Amino acid sequence: MPGVCSAVGASAVLAQTPGSHFYAGVTIGESSVDGRARTESTVTLSPTPPTSVSLNGLPFDDDDTAWSAFVGYAATPYIGVELGYWNHGRFETPFVTAQPINIEAQELYFGATLRYPFLNRFAVTAGAGISRA
């Protein structure tokens with residue numbers, strides 16, 4: 001069964017002084033996971049008896065609050081670079097033990113941004129880059 005991850009949110013630039021090319025901001029929204037874990041990791045359940053369980057194939061269908069913080073530099077009014085951190089939240093699966101299995105998703109990213117300003121106060125933005133989760 002293929003897994004689906006999605007995120008929906010709103011972003012706000014917190015600081016950009018006039019004449020400065022640097023900016024910072026935050027994003028808050030919701031992350032959603034619907035699918036099965038695809039990992040060879042094992043989890044040790046405790047207390048006694050100690051048991052190791054594979055996460056591979058466990059169903060996950062959960063939502064959580066996601067947030068990010070970022071800083072950027074606008075080299076021109078249209079092109080820039082950005083560095084940021086995403087916390088996608090914690091997702092859990094029901095399991096046959098008393099405690100559910102949790103997976104937390106976080107990432108660092110670096111990328112290029114494109115910006116198209118309009119109406120003197122708004123802009124459409126897009127970005128592409130690399131991340132490490």
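**Aromatic pairs and a nonpolar patch**

Four aromatic pairs occur in this structure. Keep in mind that this is a predicted model.

The ring centres sit 4.9 Å apart. The planes make an angle of 55°, and the pair is classed as tilted. F22 comes from strand β2, residues 22–36, and Y73 from strand β5, residues 59–74. That is 51 residues apart, so this pair links distant parts of the chain by the strand assignment.

Y73 has 32%, so Y73 is partly exposed.

Next, Y23 and F70. Their ring centres are 6.3 Å apart. Their planes stand at 65°, and the cut-off for edge-to-face is over 60 degrees. Therefore this pair is edge-to-face. Again, strand β2 supplies one partner, Y23, and strand β5 the other, F70. The separation here is 47 residues.

Buried or exposed? Y23 is buried, with a relative accessible area of 14%. F70 is buried as well, at 8%.

Now to the surface. Which residues form the nonpolar patch? They are Y78, I79, L114, Y116, F118, L119, F122 and V124. Together they have about 890 Å² of accessible area. Two strands, β7 (101–118) and β8 (122–132), each supply at least two of the patch residues. β7 gives the most, with three.

One of the patch residues is Y116. Y116 lies in strand β7. Its relative accessible area is 54%, so Y116 counts as exposed.

Definitions and conventions:
Residues numbered from 1 in each chain as written. Predicted model: local features only at pLDDT ≥ 70, side-chain atom pairs only at ≥ 80, totals over all residues. Heavy atoms only, no water. Patch = residues over 30% accessible without salt bridge, like charges linked within 9 Å, V, L, I, M, F, W, Y side chains within 5 Å. Areas by Shrake-Rupley, 256 points an atom, 1.4 Å probe, with all protein chains shown as cover. Salt bridge = Lys/Arg side-chain N within 4 Å of Asp/Glu carboxyl O. Helix = DSSP H or I, 4+ residues; strand = E, 2+ residues; numbered from the N terminus. Buried < 20%, exposed > 50% of the residue type's maximum accessible area, 1.4 Å probe, protein only. Phe/Tyr/Trp six-rings, centres within 6.5 Å; stacked < 30°, edge-to-face > 60°.
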